[in-house]
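Here is a short briefing on a ligand and its surroundings. Look at the structure first, then read the points below.

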Amino acid sequence: MSFRYTKRRLWAGICLLGSLCFGLAAVSCGPYQPEEPEGPDYFDLNIPTYFPTDVHVPADNPLSVQGVNLGRYLFYDGRVSGHSDPAAWRSCATCHLQAHAFEGGLDYAAPTPHAMLPLFNVAFNNVRYHWSGDTDSLERLIYLALTDPDEINGHPDSITARIAAIPFYNDMFAAAFGQVAPGAPVVTIDRICKAIAQFARTIVSANSKFDRYVRGETTLTDEELKGYLLFTTEEGADCFHCHGGSGNMLFTTYGFANNGLDPDSLYHDAFDRASVTGNAADKGVYRIPTLRNIEYTAPYMHDGRFKTLEEVIDQYSEGVHYAPNISPLMHHVTDGGVQLTEPEKQALKAFLLTLSDPGLLTDPSLSKPQDGRLP
Ligand code: HEC
Ligand code: HEC
């Protein structure tokens, strides 16, 4: 019997399709149906060939598609504070704003004693986190962020209880970390920290104009090239020993240094490296931050003392303060700085602006999920 489309068959098909759709709609509006968890599936972190290959992923928290996805929801969900009153909700995204390369921006009044650090390329930080370097594990840092009264201000028990009470999260945790023995909780504070850490490790910024230049996809202007040369030479602006740029594409060594800020202003001595090591030689010493996306991450320095790149460049050019423990890599301290001319300052700034990666600010895979499940 040959198969022929008749009008009757067509109508029958349309009706069948219609009732199927109706059925599906009815199911999705109906009572909550737990899904059969699948996964976890390997997550492929897309790293440029010129980045370091020693990505810092602990053996007990490998990246998975499901774990990263879960972490993204938690990153944007104020209920992760564990509080029931929405006025008390805070999430990572309360402070780490995608529009500011995951910092707070100039108009953001951080309730924390320190200015912010950017939250991208953290998977390559194999050293220590925070301005003081007091934390050597991203999972641990996230636990501190969740519970610190200055940050998310949650209690581990109420955080887990609040998240476990949201049905879709139970499926997501099972999919990300596997089922647990009957009676054991699928949502734990340890798993919450791990999932957020997985998501944070996927925030990779590697598509600035300078990246495209390195990949041979674009050219730099004469002024930008002049700035690059200043950045990477000792007789120029002498930035590269600490902030990379030639070979070091993270634009930081992740080291610590006293870079000669005025010790009398703002919180120069609070939570510096000495607060961790107890060593007087570490006074006024802070983590060297990356200069990627520096256009978006004002204010600058650990205490946010500078609002513009011009102020920062003036500081290094003629505002350097001597300190007995100033970094030996601040070669021009006896001159008060690297002494740049006005055109040199402009060229240096033009180069710094080539480190902006606007795609990071709108990358939908890093944005708040828009499926209506988050408040
Ligand atoms: C109340 C604002 C606030 C909230 C909420 C917050 N952070 Fe932060 N974050 C900061 C500040 C400020 C710093 C820099 C603090 C310091 O180093 O002393 C920071 C630093 C970091 C760093 C260190 C980066 C580096 O290079 O060392 C990471 C990673 C980070 N936060 C991730 C998170 C995650 C993930 C969450 C959610 C669990 C979160 N933060 C919640 C304000 C916040
Ligand atoms: C001796 C190492 C060293 C050298 C050389 C150096 N820096 Fe820094 N830089 C640091 C440290 C450390 C900090 C953070 C200091 C703090 O917050 O107290 C910093 C902070 C910055 C910041 C602010 C980043 C932020 O996120 O707040 C900018 C911008 C900057 N440096 C640019 C430069 C430029 C441009 C040069 C060259 C003219 C330069 N640096 C040379 C160590 C150095």
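His96 lies in the loop between H3 and H4. Helices are DSSP runs of H or I with at least four residues, numbered from the N terminus. This is a predicted model, in which local features need pLDDT of at least 70, side-chain atom pairs count only at pLDDT 80 or more, and totals for chains, interfaces and linings use all residues. Residues are numbered from 1 along each chain as its sequence is written, chains are lettered from A and ligands numbered from 1 in the order in which they are written, and side-chain values use heavy atoms, with hydrogens and water left out.

**Shell around ligand 1**
- Of the 25 residues around ligand 1, Cys92, Cys95, His96, His130 and Arg287 come nearest; a residue is near if one of its heavy atoms lies within 4 Å.
- The shell divides into 17 nonpolar, 5 polar and 3 charged residues.
- H4 gives the most to this shell, with 4 residues.

**Polar contacts**
- A polar contact with the ligand is a pair of N or O atoms within 3.5 Å.
- A polar side-chain atom of Arg287 lies 2.8 Å from an oxygen atom of ligand 1.
- For His114, a polar side-chain atom lies 2.9 Å from an oxygen atom of ligand 1.
- An N or O atom in the side chain of Glu151 is 3.2 Å from a nitrogen atom of ligand 1.

Methods:
Polar contact = N/O pair within 3.5 Å; in protein donor to acceptor, adjacent residues only side chain to side chain. Helix = DSSP H or I, 4+ residues; strand = E, 2+ residues; numbered from the N terminus. Nonpolar A, V, L, I, M, F, W, Y, C, P; charged D, E, K, R; others polar.
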